[in-house]
Amino acid sequence: MFGFLKKKSPKPEDVAPAVAEPTAEVGVPAPAVIDPAAAAAAAPAVEVAQPAAEAVAEVVPAEGEAAAVAETVVAPAPRLSWGERLKAGLARTRQQIGGGLANLFGLRKIDEDLLEELESTLLMADCGVDATQYLIDDLRMRWKRDRLETADQLQKALADGLHGIIAPLEQALELGSHQPFIIMIAGVNGSGKTTSIGKLAKYFQAQGKSVLLAAGDTFRAAAREQLMTWGERNNVTVVAQEGGDAAAVIFDAINAARARRIDVVLADTAGRLPTQLHLMEEIAKVRRVIAKADPSGPHEVLLVLDANIGQNALAQVKAFDKAIGVTGLVVTKLDGTAKGGVLAAIARQCPKPLRFIGVGEGIDDLQPFKAREFVDALFEPGAGAVKAGADARR
Ligand SMILES: Nc1nc2c(ncn2[C@@H]2O[C@H](COP(=O)(O)OP(=O)(O)OP(=O)(O)O)[C@@H](O)[C@H]2O)c(=O)[nH]1
């Protein structure tokens, strides 16, 4: 699912080149406004991905059973709920932390040595030194104060401590009263910006909002194609331009959205590394041009972080914040990484509202961050390896 937004992992050479000072108001070729309705009328040949055929197996019943069983149909696997997908997505981080706890607990009772080893477990889940120290100190305090003895008690205390750290990150994105509400999306190459825009557009549409996409990643042609394909298939207007200037495309997109009374503009930008100072300067200019198109905007500056980068996320948050004033985070790819502890590091060292988390490539695998949900999925209360470890000790 959502394969049409898929692309290969970024290569160093995919890094966007320097661009000239945005000239949104003068001398830029007019970007193409792709209105899905008009496009459909003019060229209805939109390729629509068909869902994979469902597997149907016919079982020939033994003689005599024919009347009772005509055929057995293997139903497609039921779509998992968000909670189940979150739990599945966090499996590797859970294994890192929960599995670590279980191993420690299988050996002995709670003592200082065990806390020390737990410290290493948390560091390996990319919680970072600061958050790990905080969690261990908190755990030591609870151990003594509440006379903790069992693995379940220790796990619950750790879960409560972690929840205490990451709960302040839970701040839902409110669209507020601005129309259009302009959301600028930034991040390093391949962090999941364009894919997240597709998912967010669907999310906002489901809330009854009209959406317009600005194909501001003018460096990577495939990013523009991704957005245009998404727009055609989901009846979302896309403002795009071949090559050219990102700021100009976004500037025109905002004006188009205002003219059409669109609720939300999602503005894509090219990926860049914080160390590429000229590109960081370029994205700062994009932000300034947005403010020229709408002095109250951008209303949200979302930084998309790939969870696989672990502690590197901190440097990215700081650098992008300095350049463009980040107001919210999206952490993608929490599935397939054991570094989910990075949320604790972010919360302690560079707290920013964590608007959405992603645990897969499916269109609804990006959802608002809920701290309790995250901690529950991580520790899977009452089940799993930690309990087994405790049992082994009895
Ligand atoms: N497993 C998984 N894959 C994801 C997730 N989010 C995005 N991806 C994949 O990550 C890859 C890169 O995503 P893009 O959206 O193209 O990244 P980008 O930041 O726009 O890339 P650039 O334009 O090169 O900067 C794609 O294959 C996506 O399908 C996620 O939450 N989980």
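Where is the place of Ala-167? I looked this up first in what is a predicted model, and I found Ala-167 in the loop between α6 and β2, the latter spanning residues 181-187. I then asked how open the site is, and I noted Ala-167 as partly exposed because 14 other C-beta atoms lie within 10 Å, a count that falls between the limits of 12 or fewer for exposed and 20 or more for buried. From Ala-167 I also took the C-alpha to C-alpha distance to Phe-204, which is 24 Å in space for a separation of 37 residues in sequence.

Next I turned to the domains. I noted that the assignment for the chain gives domain 1 as 83-169 + 380-393 and domain 2 as 174-370, and that the centres of the two, taken over C-alpha atoms, are separated by 33 Å. Looking at where they meet, I found 22 residues of domain 1 in contact with 25 residues of domain 2. On the domain 1 side, α2 (82-89), α3 (91-107), α5 (128-145) and α6 (151-166) each contribute at least two residues, and α3 holds the largest share, with five residues. By class, I recorded that this side of domain 1 consists of 13 nonpolar, five polar and four charged residues.

Last, I examined the ligand. I found 26 residues around the ligand, of which Gly-192, Thr-194, Thr-195, Gly-271 and Gly-358 come nearest. Helix α7, residues 193-206, supplies the largest share of this shell, namely three residues. I sorted the shell by class as well, and it divides into four nonpolar, 12 polar and 10 charged residues.

How values were computed: Residues are numbered from 1 along each chain as its sequence is written. This is a predicted model: local features need pLDDT of at least 70, side-chain atom pairs count only at pLDDT 80 or more; totals for chains, interfaces and linings use all residues. Domain bounds come from an automatic or database domain assignment. Two residues are in contact if their C-beta atoms, placed from the backbone, lie within 7 Å. Helices (H or I, at least four residues) and strands (E, at least two) are DSSP runs, numbered from the N terminus. Ala, Val, Leu, Ile, Met, Phe, Trp, Tyr, Cys and Pro count as nonpolar, Asp, Glu, Lys and Arg as charged, and the others, Gly among them, as polar. A residue is near a molecule or strand if its C-beta atom, placed from the backbone, lies within 6 Å of it.
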